Amino acid sequence: MKTFSVCASARGAETAVARAIKSLVGNKTPVFVCIGTDAVTGDSLGPLTGTLLSEKLNGKAYVLGTLERPLTALDVNFASEFVKKVYPYGAVIAIDAALGKREEIGTVLISDFPVKPGLGVKKNLNEIGDVSVIGIVNEKTETGGDLGAVRLSLVYRLASLVTGGIEKLFDENEAERASGD
């Protein structure tokens, strides 16, 4: 299993996100599944990223889960089946917020394994994705953690980082196709 860790405030963070995703997805067509709800600030990373991706990619990729049409953890089973049927050869990239260690807050973890939504708040739901992009938004505690006490500025910074990295990925892929590589 591979996991890349990218600090949102690090120089070259968007490039690091692009390279990490590229190394895990290869040449497969990415399909983005953005999990969460804007009803809880800390859980809005997925739908905020989905909205930004929809705007920035302008139809270059399928994006499921936006602020307007959130994909909550309870919708994951439906989403998983839908994406497998519609994009059987695509690489499903699941984007979600998570709780982690205090020193991980503000970090994006990109891994070659699925997202397990609701884990940080002690829910047992199905996994989704070939690749996971997880933004650590708050500290996990013994009692779980508080997604409601997360600052929107942190969520926005992480969503912007992930979106910028994915934009770079698409720009690099288009440049490779144009040069014939």
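The legends below describe close-up views of a single predicted chain.

In this predicted model, local features need pLDDT of at least 70 and side-chain atom pairs count only at pLDDT 80 or more, whereas totals for chains, interfaces and linings use all residues. Residues are numbered from 1 along each chain as its sequence is written, and side-chain values use heavy atoms, with hydrogens and water left out.

**Figure 1. Overall architecture of the chain.** The secondary structure comprises four helices and six strands, where helices (H or I, at least four residues) and strands (E, at least two) are DSSP runs numbered from the N terminus. Read from the N terminus, the elements follow the order β-α-β-α-β-α-β-β-β-α. The radius of gyration is 15 Å, close to the 16 Å given by the globule rule for 181 residues, so the chain is as compact as a globular protein of that length. The radius is taken over C-alpha atoms, and the rule is 2.2 Å times the number of residues to the power 0.38. Along the principal axes, the C-alpha atoms fill a box of roughly 55 × 40 × 30 Å. Of the 181 residues, 48% count as buried; buried means under 20% relative accessible area, exposed over 50%, and partly exposed in between (1.4 Å probe, protein chains only). The chain exposes about 9500 Å², of which carbon and sulfur atoms supply 49%. Accessible areas come from the Shrake-Rupley method with a 1.4 Å probe, and for residues only the protein chains shown count as cover. Among contacts (heavy atoms within 4.5 Å) between residues at least 6 apart in sequence, 72% join residues at least 24 apart.

Figure 2. The strands form an open sheet with mixed pairing, in the order β1-β5-β6-β4-β2-β3; two strands pair if DSSP finds at least two bridges between them. Strands β1 (3-7) and β3 stand at the edges with a single partner strand each, so one side of each has no neighbour in the sheet. On average, neighbouring strands of this sheet are turned by 20 degrees against each other, direction ignored. Strands β2 and β3 run parallel and are joined by three bridges. Phe32 stands opposite Val63 in β3.

**Figure 3. Strand β6 and its two partners.** Eight of the nine residues of β6 are buried, and the strand is thus mostly covered. With β4, strand β6 pairs in the parallel sense over eight bridges, and Ile93 stands opposite Val131 in β6. The pairing of β5 with β6 is antiparallel and has four bridges; here Val108 stands opposite Gly135 in β6.

**Figure 4. Helix α3 and its buried side.** Within α3 (residues 76-86), Val76, Ala79, Ser80 and Val83 are buried. These residues cover an arc of only 100 degrees around the axis, which places them on the same side of α3; the arc is that of the directions from the helix axis to the C-beta atoms. Phe78 and Lys85, on the other side of α3, are exposed. The buried residues of α3 pack against β2 (30-34), β3 (62-64) and β4 (91-100). The direction of α3 makes about 165 degrees with that of β3, where axes are lines fitted to C-alpha atoms, for helices over the stretch in contact, and angles run from 0 to 180 degrees between N-to-C directions.

**Figure 5. Helix α4 across the sheet.** Helix α4 (residues 152-179) lies across β1, β2, β4, β5 (107-111) and β6 (131-139). Relative to β6, helix α4 runs at about 160 degrees.

**Figure 6. Val40 in the loop between β2 and α2.** Val40 lies in the loop that links β2 to α2 (45-57) and is partly exposed, with a relative accessible area of 31%. Apart from its neighbours within four places in sequence, Val40 is in contact with Leu147 and Gly148. The C-alpha atoms of Val40 and Ala149 are separated by 8.8 Å, although these residues are 109 residues apart along the chain.

Figure 7. Asn58 lies in the loop between α2 and β3 and is exposed, with a relative accessible area of 66%. Asn58 has a positive phi of about 50 degrees although it is not a glycine. Most residues other than glycine have a negative phi. Gly26 is in the loop between α1 (13-25) and β2 and counts as partly exposed at 32% relative accessibility. Gly26 and Gly106, 80 residues apart in sequence, are 26 Å apart in space, C-alpha to C-alpha.
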